[in-house]
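Good morning, and thank you for coming.

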Amino acid sequence: MKKLSLLSLLLALTISLTACTGGELKLYNGFNKMQNITSVETETEVNFTFKGEGFAEEEQVVFDQISAMFNDSSIKIHQKSTQNKEKTVAKAEMNTDMNFGGMGMNTKVWVDVDMSKDKPKIVEIIKMPQMLMASMAADGTPKEYVVYDIGDILNQEDALNFTELANFMKEFQPKLTEFMKSMEKDFKPSIELVKEKGKREIDGKKLDIYELKLNDDTLKELVKYAVNYSLDSEVVMNFIKEYMNQVTKVALANMPENERADGEKEIKAVTEELEKKLPEFKTQFNKFMEDYKDVKILGQNGIKIEYGIDNKGYIVHEKGNIDLRIDLANISKVMGEEVKGIINLGINYNSKSYNINQDIKIEMPTLNKDNSISFMELMESQMNQIHSPQPQLP
């Protein structure tokens, strides 16, 4: 339930494996500390820029309309989350304000998770804009909340052994940490990812600033190196096999013994077949990278992310710019087709984290039959509306 974007996670893994020294090591340590926090508040704002150019006249009109909406859009997110040290009990609250082309929408989400007991609790409560809820109301009376009780659904289906699942979740994180450490020895792409940028005061705090940069060439070099390393590494392959074995154990735990044995054999056969095809996949991947080496993915500004670390070692500031430039003409040339046009997409975001490991209160909404509807009931009512006879015009 801690705050860590998917992009940040991928970059953290990359940093951890890139001959960690100096700024890279300090930033990697910051990512690790953020994984072990028990509470945090975050505020994030995301803005977009979009432009299509060089298209045929009719297509250009569509892209201009999309551009007008995206260039005046933003997403603001405020999130609070708490969890116990064992990471088996957690709560989170997220408030999202979206503005697309001048139209505002507010959504709130609460999550309540307890994996410490025999029967897990995984409940997600969603409060969407009233206009949207009204459009989905079968009887014309919108509810305030949609309740998605994942734990209840899984418990009824009895599809998983949650003791096995809880054990897997507890054991996987330290194994992943050890796996990353074992890879540090020889995963060394010749790319400088992170630079120390000195100290700067942000939101009243003196922070150590680190900057991560990738351009089009270094991104492709990093991807090519990482994939080839993984395919050739016995450490990586053994970790993947162990992971697949553990996932299979969890997935099949509640099956009868004969079915479980058949399932394990099937998964093992699939894994062995994939392993045999790895050399072929490596050849195809390297050919793909060679064919597309001159096809630009990133624009002139590439990927640039600034991180600020406080005096306790936590990453409390993040500012990112991602410049995507997709030249369809160059892509189609490699594919032997003829398409023209360039799509430019910029993603800019700012994020700050605070109240780390502080006493944060998260109040779950009070639910009753008048103000809430289950996700399954909502889907059922939607299907009934679709299949119900439509009135005939006279």
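Let me begin with a convention: a helix axis here is a line fitted to C-alpha atoms over the stretch in contact, and angles run from 0 to 180 degrees between N-to-C directions. Helices (H or I, at least four residues) and strands (E, at least two) are DSSP runs, numbered from the N terminus. What you see is a predicted model, in which local features need pLDDT of at least 70 and side-chain atom pairs count only at pLDDT 80 or more, while totals for chains, interfaces and linings use all residues. Residues are numbered from 1 along each chain as its sequence is written, and side-chain values use heavy atoms, with hydrogens and water left out.

Two packed helices are described by the angle between their axes and the distance between the axes. For helix α7 (residues 216–232) and helix α8 (residues 234–252), the axes come within 5 Å and cross at roughly 75 degrees. The two helices α7 and α8 are therefore roughly perpendicular to each other, a label that covers 65 to 115 degrees, with angles under 35 counted as roughly parallel, over 145 as roughly antiparallel and the rest as oblique.

Which residues of α7 and α8 meet? On the α7 side they are Tyr-229, Ser-230, Leu-231 and Asp-232, and on the α8 side Glu-234, Val-236 and Met-237, contact being heavy atoms within 4.5 Å. By class, the residues of this contact between α7 and α8 comprise four nonpolar, one polar and two charged. Here Ala, Val, Leu, Ile, Met, Phe, Trp, Tyr, Cys and Pro count as nonpolar, Asp, Glu, Lys and Arg as charged, and the others, Gly among them, as polar.

Next, the aromatic residues. The structure holds eleven aromatic pairs; rings of Phe, Tyr and Trp (its six-membered ring) pair if their centres lie within 6.5 Å, with planes under 30 degrees apart counted as stacked, over 60 as edge-to-face and the rest as tilted. One of these pairs is Phe-48 with Phe-70: the ring centres are 5.7 Å apart and the planes stand at 85 degrees, so the pair is edge-to-face. Phe-48 belongs to strand β1 (residues 39–53) and Phe-70 to helix α3 (residues 57–70), so parts 22 residues apart in sequence are tied together. Phe-48 is buried, at 15% relative accessible area, and Phe-70 is partly exposed, at 21%; buried means under 20%, exposed over 50%, and partly exposed in between (1.4 Å probe, protein chains only).

The rings of Phe-50 and Phe-63 have centres 6.0 Å apart and planes at 10 degrees, so this pair is stacked. Phe-50 lies in β1 and Phe-63 in α3, so the pair ties together parts 13 residues apart in sequence. Phe-50 is buried at 11% relative accessibility, and Phe-63 is buried at 17%. One aromatic cluster takes in Phe-48, Phe-50, Phe-55, Phe-63 and Phe-70.

Finally, the charged pairs. How many salt bridges does the structure hold? There are 15, each a side-chain nitrogen of Lys or Arg within 4 Å of a carboxyl oxygen of Asp or Glu. Glu-93 pairs with Lys-80, their closest N and O atoms being 4.0 Å apart. This pair links distant parts of the chain, with Glu-93 in strand β3 (residues 89–100) and Lys-80 in strand β2 (residues 74–83), 13 residues apart. Both Glu-93 and Lys-80 are buried. Asp-112 and Lys-121 form a salt bridge at 3.0 Å, N to O; Asp-112 is buried at 11% relative accessible area, whereas Lys-121 is partly exposed at 37%.
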